[in-house]
Amino acid sequence: MTDALEAQGLIKAFGGLTATDNLSLSVAPGEIHAVIGPNGAGKTTLVNLLSGMMRPDAGRILFNGGDITRMAAPARVKAGLARSYQITSIFRDFTVLENVMLSVQARQGHSFRFWKPVSRDTSLMDPARELLAQVGLGDRVDMRAGDLAYGEQRQLEIAISLATEPSFLLLDEPMAGMGPEESQKMIAFLRALKGDYTMLLIEHDMDAVFVLADRITVLVYGKVIASGAPEEIRNDPAVREAYLGDDDTEHENGEGPADA
Amino acid sequence: MGELGKPANIFTALVLVIFALTPIVAPALDESFYVIVFARFMIWGIAAVSLNLIMGYGGLISFGHAVYLGIGAYTVGILAFHGVTSAWIQWPLAIGVSGLVALVFGAISLRTKGVYFIMITLALAQMIYFLSVSAERYGSDDGLSILARSEFGVSFFSLNDKTTMYYTIFVFLLASVFVSWRLVNSRFGTVMRAAKSNDTRVQSIGVGTYRYRLTAFVIAGMMCGIAGLLQANLESFVSPDMMSWHRSGELIFMVVLGGMSTLFGPVTGAFVFLMLSEILAGLTIHWHIIFGPFLVLVVIFARGGIAGLLTRRADRD
Ligand SMILES: Nc1ncnc2c1ncn2[C@@H]1O[C@H](COP(=O)(O)OP(=O)(O)O)[C@@H](O)[C@H]1O
Ligand SMILES: [Mg+2]
């Protein structure tokens, strides 16, 4: 079976800094592939490259077997590749419903419709309401998005992406900035999505990653230092040293000391 | 308090009532002079409404918007100069040429952002300004007098009638607001407003924003072209001054003063801006010394312009 997404030898440099250093990875259809790594490892840059917000200096990106390296960002979304943002990127002055309606509108084709008010357009509102009910924001539809609680804003962030009806989700740290309780809810939510979507999950939170991921790739200074099943990653000495080791200091329930 | 009772809306209604009744009331008060003055105000109102469409709702700060006033007006002037006075030819051409220039200028300037966008719209507009200054055939600096107003070829409608002229402008003003209202709330307008607040997010839900911005830019150019063709008819005169960068700057002020991204803000903004400059100019020749700082204060302290100021007052009560 062809991979849902495949990156081959991606390179992206900012001046002298190589944020993505000859990076290759592949994601099989239906799986959750997590990418972990310390701050500044190049995780967001990778999402930017895959989503088309940035162009790689070298390398190729294949989506469902087709080369999308030069495809513009909106076209990738139309092809079924949606992303979410680490820094919440919602339309704060729109209502919650309007945020999702915009995605529905985008999915339905061009927006060169100049006269009919969207607020009377049931072909936009109904699917948007339905999706919001599914993600648990059903009673928040008429609220200004910027007034939502932080955790709810993060849910909306993902709902906006889901409403484009993707087959593939690039999730950039969906739990970023969340408290433990909110994180648990998000993990449960992502787990419910599993199977319906193929996902590349960027995450900082180790526990979430080990719960959700089928495969894990570890990134340090833009380079892949390990890739494999969660168990392999957990026991990989290089990973423990480079990443899990210093992560332990921040985590009360961290793993035991390295046995190497 | 209901929507209609809000101070900002009361003020808007007041301005509209003044506009609507001037041709009836002013002559009765022996102040017929105000008919022309307010007709002029309304034309600026249309131009400001058109700028608000891209600036207020689209976040595109065009510093060359008055150029479309000039293009609309010069199209009428030049056609009349060559003996073409039919409105059925003049008006579609004026609107079409404005749209075409907006298409070209937009295609160039929309590739840039922020200060660069402001500078490029200014530079492109100045090109047309200098073109008009150097067009000796059409009066250069001195401008071009228009000997005959646009003709509709029907007996019951003539722009030579002052009241007809006035109410034609009034109807176009209301129409410009109505069209803005429909546009802003349509799918198209939703993309525009979303792109203003977060362009990359709009891209990452699958919408390339460039062509929507360009379309908005062209619509705004055509709408401003209408203001221009009306102005040419009202004044029976066109000159490069109509599209100097001062005028573009004043348009920005009118929009900011009235309240960006509010439907009627540009109308009240134009009214207050022009009214104040008339009054101040009547008091002292150094009126700019008062007017300048006043505008600065409005920008600093009255975020959201008149509409914002009145709304905040109301919310506090
Ligand atoms: N647009 C940019 N311009 C310059 N440097 C950048 C840019 N984006 C990211 N970087 C740099 O690239 C490195 C990787 O950043 P990022 O991909 O955001 O890491 P992560 O998401 O893993 O924390 C960092 O050193 C960051 O400063
Ligand atoms: Mg990041």
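Predicted model: local features only at pLDDT ≥ 70, side-chain atom pairs only at ≥ 80, totals over all residues.
Colleague: What distance separates the C-alpha atoms of Ile24(B) and Ser158(B)?

Modeller: Along the chain, Ile24(B) and Ser158(B) are 134 residues apart.

Colleague: Turning to chain A, what is the C-alpha to C-alpha distance between Gly195(A) and Ala145(A)?

Modeller: Gly195(A) belongs to the loop between helix H6 (180-193) and strand S8 (198-202) of chain A, and it is exposed, with a relative accessible area of 55%. In sequence, Gly195(A) and Ala145(A) are 50 residues apart. From C-alpha to C-alpha, the distance between Gly195(A) and Ala145(A) is 29 Å.

Colleague: Which element gives the most residues to the shell around ligand 1?

Modeller: The residues around ligand 1 include Phe14(A), Pro38(A), Lys43(A) and Met54(A). Two elements of chain A give two or more residues to this shell, namely strand S2 (17-27) and helix H1 (43-51). With three residues, the element that gives the most is H1(A).

Colleague: What share of the accessible area of ligand 1 does the protein cover?

Modeller: Oxygen atoms of ligand 1 make polar approaches to the protein: one is 2.8 Å from a polar backbone atom of Gly40(A), and an oxygen is 3.0 Å from a polar backbone atom of Gly42(A). An oxygen of the ligand is also 2.8 Å from an N or O atom in the side chain of Thr44(A). Of the 560 Å² of accessible area that ligand 1 has on its own, the protein covers 61%.

Colleague: Which residues are the protein donors of the magnesium ion, and how far apart in sequence are the parts they tie together?

Modeller: The donors of the magnesium ion (ligand 2) are Thr44(A), through OG1, and Gln86(A), through OE1, at 2.0 to 2.1 Å. Thr44(A) lies in helix H1 of chain A, whereas Gln86(A) lies in the loop between strand S6 (81-84) and helix H3 (96-107), so the pair ties together parts of the chain. Thr44(A) is partly exposed at 28% relative accessible area, and Gln86(A) is partly exposed at 26%. The separation in sequence is 42 residues.

Colleague: How many residues of H5(A) are buried?

Modeller: Helix H5 (residues 150-162) of chain A reaches 19 Å from its first C-alpha to its last, close to the 18 Å expected at 1.5 Å a residue. Its buried residues include Glu152(A), Arg154(A) and Leu162(A). H5(A) is mostly covered, and the buried count is 12 of its 13 residues.

Colleague: What is the phi value of Glu173(A)?

Modeller: Most residues other than glycine have a negative phi. Glu173(A) is found in the loop between strand S7 (168-172) and H6 of chain A, and it is buried, with a relative accessible area of 6%. Its phi is positive, near 45°.

Key:
Residues numbered from 1 in each chain as written. Chains lettered and ligands numbered in written order. Heavy atoms only, no water. Near = heavy atom within 4 Å. Polar contact = N/O pair within 3.5 Å; in protein donor to acceptor, adjacent residues only side chain to side chain. Areas by Shrake-Rupley, 256 points an atom, 1.4 Å probe, with all protein chains shown as cover. Helix = DSSP H or I, 4+ residues; strand = E, 2+ residues; numbered from the N terminus. Donors = N, O, S within 2.8 Å, 3.2 Å for Na, K, Ca; no water. Buried < 20%, exposed > 50% of the residue type's maximum accessible area, 1.4 Å probe, protein only. Expected span 1.5 Å × (residues − 1).
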